[in-house]
Amino acid sequence: MREKAYRNLSEKLRGSVITPGSGEYEVARSVYNAMIDRRPEAIVRCADEADVVTAVNFARNEDIAVAVRGGGHNGAGFGVCDGGVVIDLSSLRGVLVNPATNTIRAEAGCTQADLSHAAHDFGLAVPLGVISTTGIAGLTLGGGMGYLSRKYGLTVDNLLAANLVLADGHFVTASAAENPDLFWGIRGGGGNFGIVTSFLFRGSRVAQVFAGPMLWEMEHARELLEWYREVTPAQPEELCGLFTFLKVPPGPPFPEELHGKTMCGIVWAYCGSADLVEEAFRPVRKFRAPKFELMGSMPYPTLQCMFDAIYPPGLQWYWRGDFFSEIPDAAIDEHLSYAEQLPTLHSTMQFNPVDGAASRVNRHETAFSYRDAKWSMVIVGVDPDPANAEKIMAWTKDYWTALHPYSLGGAYINFMADEGIDRVKASYRDNYDRLCEIKRKYDPNNFFRINQNIKPSMEITM
Ligand SMILES: Cc1cc2nc3c(=O)[nH]c(=O)nc-3n(C[C@H](O)[C@H](O)[C@H](O)COP(=O)(O)OP(=O)(O)OC[C@H]3O[C@@H](n4cnc5c(N)ncnc54)[C@H](O)[C@@H]3O)c2cc1C
């Protein structure tokens, strides 16, 4: 251990250096996914951009591996490492809204809740994901999808600029006007090119949404999936429906007779005009009445935290995903079979719509490649008990293996486990070569490698 080096580093920071001897260490090294149990040499908790530059220069000079942490939600646990240094931005949570330009600058340690809360006061929103405690940094750099994506695109489609610290310690801006190649790469290419200190987003005029879940009995699951694949892509882009298989949580607001029951459902979010809600839901209402629903008008930030309590930090998670443009009958057969085997109360499968505005962007316009997909599927095995880790992993892998032949071939990098280079390549398809070029330019030594890694050259395998 380089104790003296860490003491010296500490003196140069406004933030702190947390080492195994510190009382904060156990909490500081933990990430959202409790299946990840890694022990870094130190966690550098940055207080400002200058600290990020200092931490990068320190790690490069010491030749030590670096993990970068925002919200700590990464499924594969890339926000922490064994033996290296974690550059932790979770204290950088400022948000500045400019109502004159409808833009929002958010520091890279913000959670979705931080950003949405600040933007909402100005009647603005950015398309983000479905759990409010997720960090905006990892989410944005991978693409970012959620309730507003059919109408307003992916999170990266609303990114105007980002400030980054590069591997050589330089501080740069990436935007359409400055370092456009880097700007292209960070819109889907993950944390491969540098550490983002802040993002500048375009805000859209979304305040209230009409939203919530509808659940049906499993005996209607085939009919629901057939209806979902045909009808939902043709619905107005203001209406987004996340299809899901789940076990009903054992508590209010769910009626007791449904507790623990395997069901299928759609979580709806309508972000258009309140006058048109009824019309937007007319086709939904024509379909079979749900067994349970909890629909209503609510502020967008409220929708974002609707499921937070079901998924607190500290559960075991295992992830697999893929993109789909069709859900053929044979795929539905597999879904029904694996849904019936949902291994635990928290495990689930979800289809996240990425059609509409997200699909109108050319697949070569950003690093995010799957603009031809209609859905990004995620299968997650989740449970509080580490004893069930094998069980949830096996179910997730088997389910994914059964569905993969019907997919477009690759997954959203944020819905993947640590699955190796071929799966990373499959995420980017013909954008991968350009990503390698950009990696060679901005990070030729693969300093930022604890991520869904893009290799600067064939020789570098670590
Ligand atoms: C419960 C849950 C729900 C989710 N729902 C959605 C969803 O609806 N939509 C969606 O799109 N995704 C969703 N995700 C996936 C989410 O986008 C990823 O887990 C993402 O990596 C989380 O980002 P983070 O900052 O919290 O993660 P962290 O673990 O902190 O970071 C993940 C990785 O991102 C990179 N990174 C983080 N910060 C920086 C930075 N400042 N600069 C450069 N690189 C950085 C690093 O490579 C790091 O290893 C969900 C995840 C969870 C756990």
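## Exposed and buried

A residue counts as exposed when its relative accessible area is over 50%, as buried when that area is under 20%, and as partly exposed in between. D63 has a relative accessible area of 70%, so it is exposed. The model described here is a predicted one.

## Two residues with positive phi

D63 belongs to the loop between helix 3 and strand 3. Its phi is near 55°, a positive value in a residue other than glycine. R429 also has a positive phi, near 45°, and is likewise not a glycine. R429 is placed in the loop between helix 13 and helix 14. With a relative accessible area of 22%, R429 is partly exposed.

Most residues other than glycine have a negative phi, and most peptide bonds are trans.

## Prolines in loops

The peptide bond from P252 to P253 is cis, with omega near 10°. P253 sits in the loop between strand 11 and strand 12 (262-270).

P236 is found in another loop, the one between helix 8 (221-231) and strand 11 (239-247). The relative accessible area of P236 is 38%, so P236 is partly exposed. Along the chain P236 and C305 are 69 residues apart, and their C-alpha atoms are separated by 24 Å.

## The ligand and its shell

The ligand is surrounded by 34 residues, and the closest of them are G70, G72, M145, V196 and Y412. By class, this shell holds 18 nonpolar, 15 polar and 1 charged residues. Strand 3 (66-69), helix 5 (136-142), strand 9 (195-202) and strand 15 (316-324) each supply at least two residues of the shell. Helix 5 gives the most, with 4 residues.

In one, an oxygen atom of the ligand is 2.6 Å from an N or O atom in the side chain of Y412. In another, a backbone N or O atom of G138 lies 3.1 Å from a ligand oxygen atom. For N414, a polar side-chain atom is 3.2 Å from an oxygen atom of the ligand. The ligand taken alone exposes 960 Å², and the protein buries 97% of that.

## Helix 14

Which residues of helix 14 are buried? In this helix, which spans residues 432-442, they are Y432, L435, C436, I438, K439 and Y442. Seen down the helix axis, these buried residues fall within an arc of 165°, so they line one face of helix 14. They pack against helix 7 (180-186) and helix 13 (421-428). On the other side of helix 14, D433, E437 and K441 are exposed.

F58 lies in helix 3, which covers residues 49-62. The relative accessible area of F58 is 11%, so this residue is buried. Leaving out residues up to four places away in sequence, F58 touches A5, Y6 and L9. F58 and A5 are 53 residues apart in sequence, and their C-alpha atoms are 8.8 Å apart in space.

T396 is part of helix 12 (residues 389-403). Its relative accessibility is 0%, so T396 counts as buried. Apart from neighbours within four places in sequence, T396 is in contact with Y318, W319, R320, I379, V380 and G381.

Technical notes: Residues are numbered from 1 along each chain as its sequence is written. This is a predicted model: local features need pLDDT of at least 70, side-chain atom pairs count only at pLDDT 80 or more; totals for chains, interfaces and linings use all residues. Side-chain values use heavy atoms; hydrogens and water are left out. Buried means under 20% relative accessible area, exposed over 50%, partly exposed in between (1.4 Å probe, protein chains only). The arc is that of the directions from the helix axis to the C-beta atoms. Contact means heavy atoms within 4.5 Å. A residue is near a molecule or strand if one of its heavy atoms lies within 4 Å of it. A polar contact is a pair of N or O atoms within 3.5 Å; within protein, one must be able to donate a hydrogen and the other to accept it, and residues adjacent in sequence count only if both atoms are side-chain atoms. Accessible areas come from the Shrake-Rupley method with a 1.4 Å probe; for residues, only the protein chains shown count as cover. Ala, Val, Leu, Ile, Met, Phe, Trp, Tyr, Cys and Pro count as nonpolar, Asp, Glu, Lys and Arg as charged, and the others, Gly among them, as polar.
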